[in-house]
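Good morning, and thank you for coming.

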Amino acid sequence: MITYDDVLSAAERLQGVAHRTPVLHSRGLDELTGGTIYLKAENFQRVGAFKFRGAYNRISRLSDAEKRAGVVTVSSGNHAQAVALAARLVGASAKILMPLDSPEIKIHGVEGFGGEVVRFDRYTQDREALVREIAEREGRVLVHPYDDEYVMAGQGTAVQELIEDSEPLTHVFVCVGGGGLISGSAVAAHALSPGVKVIGVEPEAGNDVQQSLLAGERITIPVPHTIADGQQTTAPGKLTFPVIQKYVSEIVTVSDAEIVTAMRFAFERLKIVLEPSGACAFAAVLAGKVDLTGAIVGVTLSGGNIDAGKFAGLMG
């Protein structure tokens, strides 16, 4: 299980490479929720999402032989772009498996960073089997989107910075897919804000982590249909789930409509663009899923990669 020392090691490695993204605060948002709300704007991170933190922390540790072999991963887009960029920075090639329905902006991002894209059908093909088959056949290093200690620790640096740049928190809201961000975030949050409540947020259609926590074991669900493409995972990770069990207070869910409301609020009131997964944790705060009266709250705005046409359609 990762520790806060792992997060600190990741932070040292990311210094001067990853952006220290801004922490936003809105008096109107405080009045609306009854708490003091700090928003960690990872939509301003390199590749437009928090994923660069974990990908670089993992890939920068490759040996020379591993760099020559190259890396491979599977992702709907943000981790894919992060791996492509991190690989380019260390001089390695990257092959990326991406679903057929991945947003075009994310596909173009991967290709722009020099990554080779291989498409697959997320609803009929086993993504884990596909990526491991390529890794074994080509000798590439698998950089898992979330089930990797270095990836988890790297993601935790976002909440580490959030607390350092605001104040000790009573609550932290984090979007949940496979669990890389929330596991690293929870470790950092408990180290810097003892007694904090870490709240994970999933789309209603894809609540595999919520079900798993209630069952006390990892539950697998069908690929969920939701606008939050970054959270269309089917089960929590083997490595992330024990951390979630230990450090996360609860998992709440939000509807696609509530996610759109959060995206609209961010655009109209905060003047920033968020993708659906990036607005998921914020949606739970706006929808009042947890009573935040008098609370000091941190929220991860995890990404902002969305096609202009799709964004306009959702806002309309």
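I shall speak about its pockets, its nonpolar cores and one threonine.

Please keep in mind throughout that this is a predicted model.

Let us begin with empty space. Rolling a probe the size of a water molecule over the atoms shows where such space is left. In the largest pocket, that space comes to about 490 Å³. The pocket is lined by 20 residues, and those closest to its centre are Arg127, Glu128, His144, Tyr146 and Thr234. Which helix gives the most to this lining? It is helix H7, residues 127-138, with three residues. Sorted by class, the lining of the largest pocket holds eight charged, seven polar and five nonpolar residues.

The second largest pocket has about 190 Å³ of space. Its lining includes Ala11, Leu14, His19, Arg20, Arg53, Thr157, Gln160, Glu161 and Glu164. Helix H1, residues 4-14, and helix H8, residues 149-164, each supply at least two of the lining residues. Of the elements that contribute, H8 gives the most, with four residues. Here the classes are five polar, four charged and three nonpolar residues.

I turn now to the nonpolar cores. The largest one has 63 residues, and the members that touch the most others are Phe173, Ile259, Phe282 and Val299. Helix H13, residues 276-286, provides the largest share of this core, namely seven residues. Another core lies apart from it; this one has 27 residues, among them Ala86, Ala92, Ile107 and Val110.

Phe173 deserves a moment of its own. Leaving aside residues up to four places away in sequence, Phe173 touches Ala281, Ala284 and Val285, as well as Val290, Leu292, Val297, Gly298, Val299 and Thr300. Ile199 and Val201 are also among the residues that Phe173 touches.

Finally, please find Thr21, in the loop between H1 and strand E1, residues 23-25. Is Thr21 buried or exposed? Buried means under 20% relative accessible area. Thr21 has a relative accessibility of 2%, and therefore counts as buried. What surrounds it? Again not counting residues up to four places away in sequence, Thr21 touches Lys40, Ala41, Glu42, Phe44, Gln45, Arg53 and Glu161. With one of these, Glu42, the side chain of Thr21 makes a polar contact of 2.4 Å.

Thank you for your attention.

How values were computed: Residues are numbered from 1 along each chain as its sequence is written. This is a predicted model: local features need pLDDT of at least 70, side-chain atom pairs count only at pLDDT 80 or more; totals for chains, interfaces and linings use all residues. Side-chain values use heavy atoms; hydrogens and water are left out. On a 1 Å grid over the protein atoms alone, a cavity is a set of points where a 1.4 Å probe fits but cannot get out, and a pocket is an open set with protein on both sides within 12 Å along at least five of seven lines; lining residues have an atom within 4 Å of a point. Grid points are joined across faces, edges and corners, and a volume is the space filled by probe spheres set on the points. Ala, Val, Leu, Ile, Met, Phe, Trp, Tyr, Cys and Pro count as nonpolar, Asp, Glu, Lys and Arg as charged, and the others, Gly among them, as polar. A nonpolar core is a set of buried Ala, Val, Leu, Ile, Met, Phe, Trp, Tyr and Cys residues joined through side-chain atoms within 4.5 Å. Buried means under 20% relative accessible area, exposed over 50%, partly exposed in between (1.4 Å probe, protein chains only). Contact means heavy atoms within 4.5 Å. A polar contact is a pair of N or O atoms within 3.5 Å; within protein, one must be able to donate a hydrogen and the other to accept it, and residues adjacent in sequence count only if both atoms are side-chain atoms.
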